[in-house]
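Biologist: Please take me through how to read a model such as this one, feature by feature, with the general idea first and the case at hand after it.

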Amino acid sequence: ADGIRPGRSIGGAMFPKDGRNADDFFKAADAALYALKRAGRGGFRFFRAYMLEEVERAALQLARARLVVAENSIVAHYQPILAVDRGVITGFEALLRYRDNRGALGLPDSLEEAFADYELAAKIGELMRRAVARDIRIWREKGLAFGRVSINASPAEFLRDDYAERLLRVLGQHDVPGTCIEVEVTEHAFL
């Protein structure tokens with residue numbers, strides 16, 4: 001048997017250069033550990049000033065994502081998909097956007113960190129699927145031809161094996177047949 005193969009990830013900081021008190025020193029070491037884990041885990045990394053900025057940026061994005069979910073401010077914008085050989089629109093790609101507290105549209109890259117977190121990614125994905133299903137239901141009720149709508153799924157959403165069931169449940173709640181939807185999955189979801 002192969003047995004257990006433990007690994008290690010160590011973030012390091014130098015006192016007093018990286019922190020003049022215990023709080024700052026441990027923040028620096030944590031930031032180095034966070035940077036190491038983002039790069040793939042395993043090994044040792046010393047603190048650099050840019051690492052603290054990355055941690056703060058990630059924390060800001062996670063807080064923003066939690067607010068977006070709490071306020072249910074996800075909106076779908078649609079980009080046409082063209083069949084170049086025929087010059088016709090064959091469907092649409094649903095693009096995730098959100099409204100901030102001033103009503104301006106936010107882009108998903110400002111929530112990037114949330115898509116690596118299973119719970120937040122799943123909640124954002126669920127809100128997006130509901131928005132798209134609502135729109136499709138309205139288009140069908142109005143008799144509009146729209147082809148298929150492509151939605152993106154983040155890799156974190158596949159950490160549980162019930163993605164299809166959750167998608168079909170949302171479509172069923174809005175009376176939308178599965179043939180109206182395409183799911184785009186990046187290769188990262190399978191790693």
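This is a predicted model: local features need pLDDT of at least 70, side-chain atom pairs count only at pLDDT 80 or more; totals for chains, interfaces and linings use all residues.

Biologist: Which strands pair with E4, and in what sense?

Modeller: Strands (E, at least two residues) and helices (H or I, at least four) are DSSP runs numbered from the N terminus, and two strands pair if DSSP finds at least two bridges between them. Here E3 (residues 74–83) and E4 (88–99) are antiparallel, with ten bridges, and E4 also pairs in the antiparallel sense with E5 (residues 105–106), over two bridges. E6 (148–153), in contrast, runs parallel to E4, and three bridges join them. Individual partners include Gln79 with Glu93 of E4, Ile74 with Tyr98 of E4, and Phe92 with Val149 of E6. As a general point, side chains in a regular strand alternate between the two faces of the sheet.

Biologist: What is found between the strands of the two hairpins?

Modeller: The hairpin of E3 and E4 has four residues between its strands, and Gly87 takes a positive phi near 70° there. In the hairpin of E4 and E5, five residues lie between the strands, and Gly103 in the turn has a positive phi of about 90°. Asn72, in the loop between helix H2 (49–70) and E3, also has a positive phi, near 50°, although it is not a glycine.

Biologist: Where is there a cis peptide bond?

Modeller: The bond joining Phe15 and Pro16 is cis, with omega about 5°, and Pro16 is placed in the loop between strand E1 (9–12) and helix H1 (22–38).

Biologist: How do H3 and H4 pack?

Modeller: Two packed helices are described by the angle between their axes and the distance between the axes. Axes are lines fitted to C-alpha atoms over the stretch in contact, and angles run from 0 to 180 degrees between N-to-C directions. For H3 (residues 118–141) and H4 (residues 163–173) the angle is about 35° and the axes are 9 Å apart. The residues in contact (heavy atoms within 4.5 Å) include Ala122, Arg129 and Ala133 of H3 and Tyr163, Leu167 and Leu171 of H4.

Biologist: How many residues line the largest pocket?

Modeller: On a 1 Å grid over the protein atoms alone, a cavity is a set of points where a 1.4 Å probe fits but cannot get out, whereas a pocket is an open set with protein on both sides within 12 Å along at least five of seven lines, and lining residues have an atom within 4 Å of a point. A volume is the space filled by probe spheres set on the points, which are joined across faces, edges and corners. The largest pocket has a volume of about 410 Å³ and 21 lining residues, of which Phe115, Asn152, Ala153, Ser154 and Glu157 lie nearest its centre. H3 gives the most to this lining, five residues.

Biologist: What lines the second largest pocket?

Modeller: Its space is about 210 Å³, and its lining residues include Arg38, Glu112, Phe115, Pro155 and Leu159.

How values were computed: Residues are numbered from 1 along each chain as its sequence is written. Side-chain values use heavy atoms; hydrogens and water are left out.
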